[in-house]
Amino acid sequence: MTDTPTILKKIIARKHEEVSEAKLARSEAALLAVADAQPPARGFANALIQRIENKQNAVIAEIKKASPSKGVIREDFNPEALALSYAKGGAACLSVLTDKDFFQGSNAFMQQARDAVALPVIRKDFMVDSYQITQSRALGADCVLLIVAALEQQQLNDLHQQAIALGLDVLIEVHNAAEMEQALMLDNPLVGINNRNLHTFDVSLDTTFELLDMVPKGRHVITESGIFTAADVAAMRAKDIYGFLVGESFMRAPDPGEKLAELFREAVV
């Protein structure tokens, strides 16, 4: 994590404080009892893999109010309505931002979205501590995000193992070749390639294209960030990429689910 960019360092530093505060309010042992009582997770990875293997668009539709680089993205923000819209539009899964300080998210948003639909949901946050993994399952998440740039290899290994043991799926996110090598050390079917440069916050779809050759058979790529047009989708499909995580272009649309259906319908070749 020595090359972690400044914005990510700020987020991670705050996340450690947040975890410490949460532990004072509720122990991990207490959370574990709640996590263990949850019904089985909805099968986030399987929902994507089934579509990917059939060469169908597998879209993780994101519910995100704001971001550090863009500020507020959607003023009219109703997690339940957004989840229903995405389900109607053909999403395979949902992603919900739960980080409060940098993305104006909340744990309640994820629960509200998940309660509204039958789709599997990933808790999109910055995982740095085992407490958060247990907390995610206790909140009802079906999957968690592990960002390689935010973790040392041993942390990545430990949090991944813990998530699997709790019945959660994992999306491991990378944005360069070194991180891809780290991610591939873990036995995990989903690899997210973030097209956003975490140093500059610039976005380039070339990031996915450049890292694609490193991905062995049996791993499934989810391209993240920067998908705004049917041409972007078509460019990915031309490279046999059918897994997408899309947020901003949906969230800026009057009807996000309608935008999802339109974007991916137009891109089918």
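A salt bridge, as the term is used in these legends, is a side-chain nitrogen of Lys or Arg within 4 Å of a carboxyl oxygen of Asp or Glu, and the structure holds 14 salt bridges by this criterion. The model is predicted, so local features need pLDDT of at least 70 and side-chain atom pairs count only at pLDDT 80 or more, while totals for chains, interfaces and linings use all residues. Residues are numbered from 1 along each chain as its sequence is written, and side-chain values use heavy atoms, with hydrogens and water left out.

**View 1. Salt bridge between Lys15 and Glu18 in helix H1.** The side chains of Lys15 and Glu18 meet in a salt bridge with an N to O distance of 3.3 Å. Helices (H or I, at least four residues) and strands (E, at least two) are DSSP runs, numbered from the N terminus. Because Glu18 and Lys15 are three residues apart in helix H1 (residues 6-25), about one helical turn separates them. An α-helix has 3.6 residues a turn, so residues three or four places apart point the same way. For accessibility, buried means under 20% relative accessible area, exposed over 50%, and partly exposed in between (1.4 Å probe, protein chains only). Lys15 counts as buried because its relative accessibility is 0%, whereas Glu18, with a relative accessible area of 23%, is partly exposed. Both residues also belong to a network of salt bridges that links Lys15, Glu18, Asp99, Arg123 and Asp125.

**View 2. Salt bridge between Asp129 and Lys23.** The closest N and O atoms of Asp129 and Lys23 are 3.3 Å apart in this salt bridge. The pair links distant parts of the chain, 106 residues apart, with Asp129 in the loop between strand S5 (121-124) and H6, and Lys23 in helix H1. Asp129 is buried, with a relative accessible area of 18%, while Lys23 counts as partly exposed at 39% relative accessibility.

**View 3. Salt bridge between Lys70 and Glu248.** In this pair the side chains meet at 2.9 Å, N to O. Distant parts of the chain are again linked, since Lys70 lies in the loop between strand S2 (66-67) and strand S3 (71-72) and Glu248 lies in helix H11 (residues 248-251), 178 residues apart. Lys70 is partly exposed, with a relative accessible area of 40%, but Glu248 is buried, with a relative accessible area of 9%.

**View 4. Crossing of helices H2 and H6.** The axes of helix H2 (residues 28-36) and helix H6 (residues 130-139) come within 8 Å and cross at roughly 35°; axes are lines fitted to C-alpha atoms, for helices over the stretch in contact, and angles run from 0 to 180 degrees between N-to-C directions. Contact means heavy atoms within 4.5 Å, and by that criterion Glu28, Leu31, Leu32, Val34 and Ala35 in H2 meet Ser130, Tyr131, Thr134, Gln135, Arg137 and Ala138 in H6. By class, this contact of H2 with H6 has six nonpolar, three polar and two charged residues, where Ala, Val, Leu, Ile, Met, Phe, Trp, Tyr, Cys and Pro count as nonpolar, Asp, Glu, Lys and Arg as charged, and the others, Gly among them, as polar.

**View 5. Helix H7 and its packing partners.** The 13 residues of helix H7 (residues 153-165) should span 18 Å at 1.5 Å a residue, and its end C-alpha atoms are 18 Å apart, which agrees; the expected span is 1.5 Å times one less than the number of residues. The buried residues of H7 are Gln153, Leu156, Leu159, His160, Gln162 and Ala163, and they pack against H2, H6, strand S6 (143-147), strand S7 (169-174) and helix H8 (177-183). H7 is followed by Gly167, whose phi is positive, near 90°.

**View 6. Lys55 and Asn57 in the loop between H3 and S1.** Lys55 has a positive phi of about 55° although it is not a glycine. Most residues other than glycine have a negative phi.
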